[in-house]
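Subject: Structure handover

Hello,

Here is the structure for you to look over. Please open it next to this email.

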Amino acid sequence: MVSRSQRLEFELTPACDHRCAHCYNVWADSAGRRVAPVLDTADYCALIDKALNESGATHATLTGGEPLLRSDAELIVERACGAARSVSVVTNGSHMGPARARRLAALGVKWVQLSLLSHRRERHDSLKGARSFDDTLRAALDLQDAGVAVQLCYVALLTNAGDFEGVIELAAALGVRALAYNRMSPSGGAAAHIARLLPTARQMERDLEIAERLGPALNLRVATAMPIPPCLVPLARFPSVRFGFCSVGTEKAGFVVGAQGDVRACNLSSRILGNALSENFAAIMARAETALFRRRAPAMCRGCAHEATCAGGCKEAAVAVYGDPTVPEPILRDTIEPGWRELIRDERGGRS
């Protein structure tokens, strides 16, 4: 039973002006449509105060959608910075600029995450569904000039295989010191595109070899959030990379609070656990289903030396694609079911 949370993630809005095919957010469908009302400024600020106080969380991440599309985004950032010990912002970079970067710094934002999907402008823009490569680079420089730390996020996809080395080198050239390496998260609208977008185990292993070689040399910290099962990639070979695994059901759990106050166990989950406006957050966290969900590992994972940490990879991906957390998630099927990508395409009429 979870009694407190170290961090909360607040989705300020479902709206976004980028159209990433790999978008994992559960309120985005395969066409990128995002339809949901949002709380007004006063109510959202009150929600932040209430959720942080009742959860015991000391860190708040402000995200979306694209959080900076809200005209009151800076007011909400200001409230979060006053209520939490540390605050980060996840943004697509297209709404930054020098003045806003300085404002975020003055409010106390510790770091900002920006996505960089390739070192090639055309490929990045194609994968983002928007001309945003130059915006991302300018935002990284503006934020660092203002004194805000920047983390770049690279999402490994079949369609950007081979680009990770260029991204690491570009990050170092920009002066960035933190890079998140995440494999595609096949939930939300992205579940419709797994066959053509999900990276292979060998692709991830090659990328991690690059991270191990270049990260220390370029003074760049590389970390993962989306779990990479150790049965697919020998993680012990990469001691300089910090690997993250699912924290649902543990004391390290971070919960997500949506634009209307609905609480989910993580940003890949569509299951609503309760509403932070109408319920006590501690009571929501204490519900046993989050811990039970974590323990529902696929049969092939039971007894594995890594079961306690890996927990079978991302079970939310299994739920999104197959409707069952005990089914091996898509990234595992490359090893246990050759030809599964073609099967998925056939099942979906060639649309994956």
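First, the ground rules. The model is predicted, so local features need pLDDT of at least 70 and side-chain atom pairs count only at pLDDT 80 or more, while totals for chains, interfaces and linings use all residues. Residues are numbered from 1 along each chain as its sequence is written, and side-chain values use heavy atoms, with hydrogens and water left out.

Helix packing

Helices (H or I, at least four residues) and strands (E, at least two) are DSSP runs, numbered from the N terminus. Axes are lines fitted to C-alpha atoms, for helices over the stretch in contact, and angles run from 0 to 180 degrees between N-to-C directions.

Start with α1 (residues 41-55) and α2 (residues 73-83). Their axes lie 10 Å apart, at an angle of about 20°. That makes the two helices, α1 and α2, roughly parallel. The cut-offs are: under 35 degrees is roughly parallel, over 145 roughly antiparallel, 65 to 115 roughly perpendicular, and the rest oblique. The crossing of α1 past α2 is right-handed.

Contact means heavy atoms within 4.5 Å. On the α1 side, the residues in contact are Thr41, Tyr44, Cys45, Ala46, Ile48, Asp49 and Leu52. They meet Leu75, Ile76, Arg79, Ala80 and Ala83 of α2. By class, this contact has 9 nonpolar, 1 polar and 2 charged residues. Here Ala, Val, Leu, Ile, Met, Phe, Trp, Tyr, Cys and Pro count as nonpolar, Asp, Glu, Lys and Arg as charged, and the others, Gly among them, as polar.

α2 also packs with α3 (residues 97-107), at an angle of about 25° and with the axes 9 Å apart. α2 and α3 are therefore roughly parallel to each other. Here too the crossing, α2 past α3, is right-handed. From α2, Glu74, Val77, Glu78 and Cys81 meet Arg100, Arg103, Leu104 and Leu107 of α3. The class count for α2 with α3 is 4 nonpolar, no polar and 4 charged residues.

Aromatic rings

Rings of Phe, Tyr and Trp (its six-membered ring) pair if their centres lie within 6.5 Å; planes under 30 degrees apart count as stacked, over 60 as edge-to-face and the rest as tilted. By this rule there are 5 aromatic pairs. One of them joins Tyr154 and Phe164: the pair is tilted, with 5.0 Å centre to centre and 45° between the planes. Tyr154 sits in strand β5 (residues 149-156) and Phe164 in helix α6 (residues 164-174), 10 residues apart.

Burial is set by relative accessible area: buried is under 20%, exposed over 50%, partly exposed in between (1.4 Å probe, protein chains only). Tyr154 is buried at 0%. Phe164 is buried at 0% relative accessibility.

Tyr154 also pairs with Tyr181. Their ring centres are 5.9 Å apart and their planes are at 20°, so the pair is stacked. Tyr154 is in β5 and Tyr181 in β6 (residues 178-183), so the pair ties together parts 27 residues apart in sequence. Tyr181 is buried, at 1%. Tyr154, Phe164 and Tyr181 form one aromatic cluster.

Backbone geometry

Most residues other than glycine have a negative phi, and most peptide bonds are trans. Three places to check:

- The peptide bond from Gly64 to Gly65 is cis, with omega near 15°. Gly65 is in the loop between β2 (59-63) and α2.
- Asn219 is not a glycine, but has a positive phi of about 55°. It lies in the loop between α8 (201-214) and β7 (221-223). Asn219 counts as exposed, at 52% relative accessibility.
- Ala311 is not a glycine either, and has a positive phi of about 60°. Its loop runs between α11 (307-310) and α12 (315-322). Ala311 is buried, at 2% relative accessible area.

A loop residue

Thr159 is found in the loop between β5 and α6. At 33% relative accessible area, Thr159 is partly exposed. What does Thr159 touch, not counting residues up to four places away in sequence? The list is Arg123, Leu127, Arg196 and Leu197. The C-alpha atoms of Thr159 and Arg123 are separated by 8.7 Å, and the two residues are 36 residues apart along the chain.

Best wishes

Key
A crossing is left-handed if the near helix is turned anticlockwise from the far one by less than a right angle, and right-handed if clockwise.
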